[in-house]
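This report describes selected local features of one structure, residue by residue. The sequence and the model are shown first.

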Amino acid sequence: EPRKGSAVCRRRIRMGPSDCCAYLSIPVVVAVCAVVFQAAITPPGDPNINVIMTSDVVEEHLSPFREAIGADYDGYRGHIYRCLSYSMHFLNGNETYRSVIEAALVYHDIGLVW
């Protein structure tokens with residue numbers, strides 16, 4: 001039998017239900033505080049999404065696949081522009097990587113069907 005206070009004895013201490021609740025509630029409280037604090041310091045963004053309907057980069061990369069995509073071309077093109085509109089919205093309109101995003105969106109699903 002280990003002595004009281006020894007390292008072996010401390011490892012054998014068992015937590016009861018109230019101890020578990022206390023230990024589990026601490027991260028929850030910290031997370032809630034973080035969300036509230038973040039919301040308090042972040043200015044609200046524009047809730048309106050700027051719908052992007054055309055892009056030279058998208059058309060340049062997508063047009064060579066018109067024949068291969070066939071009847072689904074307009075639907076896939078619309079999908080690309082929807083993804084682009086949401087991407088730019090969540091980037092708060094930051095245009096830094098827009099051309100890279102546009103090119104990636106053209107190819108992101110193209111191999112799934114065609």
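## Basis of the description

Helices are DSSP runs of H or I with at least four residues, numbered from the N terminus. The model is predicted.

Ser55 is located in the loop that runs between helix 2 (17–41) and helix 3 (56–62). With a relative accessible area of 8%, Ser55 is buried, because the buried class covers values under 20%.

The side chain of Ser55 is in polar contact with the side chain of Glu102, at 2.9 Å. Not counting residues up to four places away in sequence, Ser55 touches Tyr81, Arg98 and Glu102.

## Tyr73 in helix 5

Tyr73 belongs to helix 5, which comprises residues 73–90. Its relative accessible area is 2%, so Tyr73 is classed as buried.

When neighbours within four places in sequence are left aside, the contacts of Tyr73 are Glu59, Leu62, Ser63 and Arg66. Tyr73 and Leu62 are 11 residues apart along the chain, and their C-alpha atoms are separated by 9.0 Å.

## Aromatic pairs

Two aromatic pairs are present in the structure. In one of them, the ring centres of Phe65 and Tyr107 lie 5.9 Å apart and the ring planes stand at 85 degrees; the pair is therefore edge-to-face, since angles over 60 degrees fall in that class. This pair links distant parts of the chain: Phe65 is in the loop between helix 3 and helix 4 (66–69), whereas Tyr107 is in helix 6 (residues 98–107), 42 residues apart. Phe65 is partly exposed at 27% relative accessibility, and Tyr107 is likewise partly exposed, at 39%.

Tyr86 and Phe90 form a stacked aromatic pair, with 6.3 Å from centre to centre and 25 degrees between the planes. Because Tyr86 and Phe90 are four residues apart in helix 5, about one helical turn separates them. Tyr86 has a relative accessible area of 46% and is partly exposed. Phe90 reaches 64% and is therefore exposed, as the exposed class requires a value over 50%.

## Nonpolar surface patch

Which residues form a nonpolar patch on the surface? The patch consists of Ile49, Val51, Met53, Tyr86 and Phe90, which together have about 560 Å² of accessible area.

Note on methods: Residues numbered from 1 in each chain as written. Predicted model: local features only at pLDDT ≥ 70, side-chain atom pairs only at ≥ 80, totals over all residues. Heavy atoms only, no water. Helix = DSSP H or I, 4+ residues; strand = E, 2+ residues; numbered from the N terminus. Buried < 20%, exposed > 50% of the residue type's maximum accessible area, 1.4 Å probe, protein only. Polar contact = N/O pair within 3.5 Å; in protein donor to acceptor, adjacent residues only side chain to side chain. Contact = heavy atoms within 4.5 Å. Patch = residues over 30% accessible without salt bridge, like charges linked within 9 Å, V, L, I, M, F, W, Y side chains within 5 Å. Areas by Shrake-Rupley, 256 points an atom, 1.4 Å probe, with all protein chains shown as cover. Salt bridge = Lys/Arg side-chain N within 4 Å of Asp/Glu carboxyl O. Phe/Tyr/Trp six-rings, centres within 6.5 Å; stacked < 30°, edge-to-face > 60°.
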